[in-house]
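Hi,

Here is the structure I promised to pass on.

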Amino acid sequence: MSLLPQAALAAGTLGALGLGLLRRPSPALARALALAAPLAALLLLTLASPAARPPLFAADLKGLGWQFAAYLAALPLALRSSGDDVETALFLGTTLGIGLLCAAANLPMLFLGLEFMSLPAYLLVARVGEPGAAGRRLEAAVKYFFSGALAGALFLFGLALYYADAGTLGPAASAPGALGQGGLALMAAAALFKIGAVPLHWWLPDVYEACAPEVAGFLSTAVKAAAVLFLMRVVELSPAPAFAAWLPAAGALTALVGAVLALRQEKLQRLLACSSLAHAGFLVLGVGAWERLGRDPGAAAALLFYLVAYVFMSNGAFAFLGATGARSRADLRGLAARRPREALAMTVLLFALAGVPPTGGFLAKLLVFWQAVRAELAAPVLFGALAALISLGYYLGLMRDLYFEEPVPEPAGRAASPEAAILRTRHGRGDGNPDSVQAAAVLAVGALGAVLLGAAPLFIGGLWP
Amino acid sequence: MTISSAVWTIAGTLFALGLAMLVLRRGLLAMFLGVELMLAAANLAVVRQAGLRADAQAQAAVALILAVAAAEAVVGLSLILRAFRAGRGLDAGAMSELRG
Amino acid sequence: MSHVAVPLEAWLLFAAPVAALLIGFFLMRPLAPEKTHWPILLSCAVVTAASLSLAGQVLAGRSFDVNVWRWAAVEGWGVDFGLRVDGPGAAVLAMVAVVGSLIHLYAAGYMKGDPGFSRFFLVFHLFFLAMIGLLTANNYVQLYLFWELVGLASYLLVGHWFHKASARRAALQAFLVNRVGDFGFLLALLLLLARYKVARFHLLYLLVAAGRHEMLPVIAGLLIWAACAKSAQWPLYFWLPDAMEGPTPTSALMHAATMVTAGVFLLVRSWPLIAAVPGLPVVVAWIGAFTALAAALIAGTRKDLKRILAYSTVSHLGLMMLALGLGRVGAAIFHLVVHGFFKAALFLCAGNVAHALRQPTASVDEVGGWGRAMPLTYASFVVAALSLAGVWPLAGFFSKDAIVDAAWERGGLLAAAALLVCAGSAFYIFRMLLLTFHGARPEQKGLAAHPHEAGPGLAAPPLFLALGAAAAGALGPTGSRLVFSGLRGLPVGRLGGDLVLNLPGDPALPAFSWTTALLSAAFAAAGAAAAYRLTMADPGWDWRWRGGRAEAVLASDFGWTTLMARLAAAVAALAGFVGRVLDRAWWDGLLESGAAAARGAGGLAARAADGRLNDYLWWMTAGAAVLLAGALR
């Protein structure tokens, strides 16, 4: 398949790196590059046609669809980029890695894409954000790195086992033996790590909590989408992978764990991280259903729709944090009175995340659950529904905090006005905070998208001719 | 013992050792070494298989993987260096501010 | 499939109310709440014009059933938004539009000065929109959605004066009883989707006609259940009289002309399915006949004007059910349309009377001899009452005659019941007429001694409605052709009786039979005479039978409400027991422990995430090992 989008991103990455060679750093140029490269990739994607079948994968629109979702998910971070050339290069590098992953045709390419996506991401986590929190970010980045390294190593050993059994570094025509199944299982473990599925999820709350909100939004949408496709590719390697039987259970378990963890979080970013875990669980459940239905394209379409809806919902939710500077649930109290529009947008997003009709979030959950029901996965669906029910607890709780709770009174000695308190907790980029405008824009678009997707899922049919 | 089983034994042992170092050691550098060990072990296994099947593509893949491992080393070491410079020491156990 | 493009009028049917609601909510409500009704009245006019135009088109043979939009599609399963405008739908739609618009006009005058004026109009029009959607739906899912919306709007409207405890209770009761019915509808819908994989009406008609009858008895039974709840048939009728707590326009529109007829309409749409189950139509006929008779008798004993009319509505809905059960779908729809007119007129007249008393409703004890003081209202009432009693040449005669005719053909108890209903209807309506507008009571005090005609805004609409109730008879042939016309060229479904929906060509009105006409006229006359005798000739009679056992029996709907009250008390006692003894320990405890378990699980998970990297890696390795072992088994 055409690699033009990836080429555009590569050009962007190199360009951003080249900016460092300029005598005077130019934030405007870096920001423009950060925005232009994913947009160019999106445009070039429309030119790509699936007629050019990649040599070792079946006729595949998934790569294109997933790229679309991933580049779309990259736009908010591009919009909110700070203009630092290194950060821009890291961001574009991660996006390029995602593009490579989506276009991967065999195992080495898959590994390359995985690592290409992950390595800049580790550094992105460490780098982007306000100076005061650098220590926490570093800790998060270290945890992310080592967990990712373990996953990568497991993937490689799995690759070795699979290759030893199947004799090829691509899809095998016949089901592999025990050695091969073991290899596939290890490779799947790496994919599950990247998605954040139980029991390889430990890094996710810490990393999402510590990094800047816009980076968390990016990780939770673009990287997660790529990881889901990664898992699907591993499944596609053999006609009957044994590990796939565990996917629905792992998905349901992840959803449950994410939901119960989120219930007790006081810090908003960690709460959203655990909620992201829950959504990852639904996605893994969906992949399990897709496999059980014989890799049904309709099921894959449902997954893609979920991911696109999630792009809007998650980016919007994290943008809310950036736009209002709220850090904890206590910060939310009384916020609806002070910032009614942001609160309204967040409410819409919370409804969408919870899966309340008529939002896109509801439709996405419905479609994925419907696939799981079709695949006769009764118990995972039930547990998934339980997780969704539990998740209502914290989503509604956040709404309650926004609208029905009084602000916590300021202790003496601090600035009296709530505005000052909010300003203090924002990214320390100076007064007036240019980021808040972009964050508000992402918030608004996220809320709109989350709602509109509920009304127009027409492209599901269109994506699969 | 055939060459293949010897290679598998060595690779497996190295991998297990690396895994043990990663999981059980607390020093960041030691953990990192464990990662490298695991990558090398996997590479070894792939090389053996590629040679067995005279698969040029797989051997090229090994080269690719080596390059990626090197890049990973760069990133990892830079993070470790930053941690050291920030005065956080190199103890993974001490890095537990993010929890819950 | 019809190749007709969706005409503009069909779009206007929806666009106008939506636009009016948006303007009303976003512009009028904050800026000029007392003028909220302007865009809404305009929208009513547009809708009326559109629906009459559509009715004309259907008469000319241009009915259609098209899917407009697929709003959700996954493999093998899709939910569509579509429009179906055929004979039954267009006829009822035209009635709803005309009657609804006139009632909107009436409400502008009636609700003036009410603090919730703006809110009332918005919800009222939302109801109107929901009703339009219900009548034009072309599949069960869409119908169900609008059905629910109608129920929601009715809850909001009945409870409009929410500061009154009785209104709140009535609203809640209406809502809950409807929920019970809706549950049946939902089950039926799910069964339909599961077994037949389609929700669209004409596809289902085809499937059923081709012999697919799986689970049809259950599905049809559930649909009948839902219709009984919505159309206040026994045993789910008791919410309707209590729903009179809402403002008069609400009662007029919803509980006379439109919402309650939604149940009948559902059965009309489902008739091919119901008719395919042997023995089920007869059940419907019996439910209808029984309810009609019982309600007619009870109506004759009530004192509150609106409650008399509520029971009358129940009775007439029963007649419609009877007609359906006997296979005369066209007759049922015809009566539905005509009933809408005269019942709405009667309600608005009752509203005028109450308005003159400055009360939300009036009792026959408080009024009397007002005919001279309120000539317009009196005239409207008389015409509407005569139509209700089935006096020739008003429309009510033709519609009721069609039903009596069907029952007579059937013979037996059903025929007797139909004739007795004729008598009963005449009785209660003449009783109400005579007690309100004739005679005088020495008890009249205060305002009641000097009633005056309501303003033109309140007097005109019932007049027009009454004229409609009369004229529909003059329009007889055309009107019945509209009602009886079906979709041309679309697949057919077989039914019993004289009417086959979707039949090419158009079946004529059932032949007029002198026997039944004279018989029903005789019974009606007997009823009217009895009313005269018992109210005017012997003025004290209306009090004398009160206080006795007879009144107790009738006041409790032949013991039914007492039974329901005892049943409700028993359930409440049981719930109380469960609540007191078991709730704290059991259900509450269950919920609490569920929540605590979730929190505890979270705590466990959180404690496991202790922030130590090595622990994370250890768990990851263990997990990977489990996955590996699982794959190797």
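Let me start where chain A meets chain B: 3 residue pairs, both at pLDDT 80 or more, are in polar contact across that interface. A polar contact here is a pair of N or O atoms within 3.5 Å; within protein, one must be able to donate a hydrogen and the other to accept it, and residues adjacent in sequence count only if both atoms are side-chain atoms. Salt bridges between chain A and chain B number 0, where a salt bridge is a side-chain nitrogen of Lys or Arg within 4 Å of a carboxyl oxygen of Asp or Glu.

Before going on, some background: this is a predicted model, in which local features need pLDDT of at least 70 and side-chain atom pairs count only at pLDDT 80 or more, while totals for chains, interfaces and linings use all residues. Residues are numbered from 1 along each chain as its sequence is written, chains are lettered from A and ligands numbered from 1 in the order in which they are written, and side-chain values use heavy atoms, with hydrogens and water left out.

Back to chain A and chain B. The side of chain A that touches chain B draws its largest share, 22 residues, from helix 6 of chain A; helices (H or I, at least four residues) are DSSP runs, as are strands (E, at least two), numbered from the N terminus. In total, 40 residues of chain A are in contact with 42 residues of chain B, contact meaning heavy atoms within 4.5 Å. The two chains bury about 3600 Å² between them, with 77% of it on carbon and sulfur atoms. Buried area is the accessible area (1.4 Å probe) that two parts lose on being put together, summed over both.

And what about chain B and chain C? Their contact takes 14 residues from chain B and 11 residues from chain C. About 920 Å² is buried there, and carbon and sulfur atoms give 57% of that area. This pair of chains also has a count of 0 salt bridges, and 2 residue pairs are in polar contact (both at pLDDT 80 or more). On the chain B side, helix 1 (residues 3-24) gives the most, with 4 residues.

Over all chains there are 15 salt bridges. One of them joins Arg80(A) and Glu214(A) at 3.1 Å, N to O. Arg80(A) sits in the loop between helix 3 (62-79) and helix 4 (85-103) of chain A, and Glu214(A) in helix 9 (residues 213-236), 134 residues apart. Arg80(A) is buried at 4% relative accessible area, and Glu214(A) is buried at 3%; buried means under 20%, exposed over 50%, and partly exposed in between (1.4 Å probe, protein chains only).

Glu87(A) and Arg127(A) form another salt bridge, with their closest N and O atoms 4.0 Å apart. Glu87(A) lies in helix 4 and Arg127(A) in helix 5 (residues 107-127) of chain A, so the pair ties together parts that are 40 residues apart in sequence. Glu87(A) counts as buried at 14%, whereas Arg127(A) is partly exposed at 31%.

A network of salt bridges also links Arg136(A), Glu139(A), Lys143(A), Asp206(A), Glu209(A), Lys267(A) and Arg270(A).

Enjoy exploring, and write back with any questions.

Best wishes
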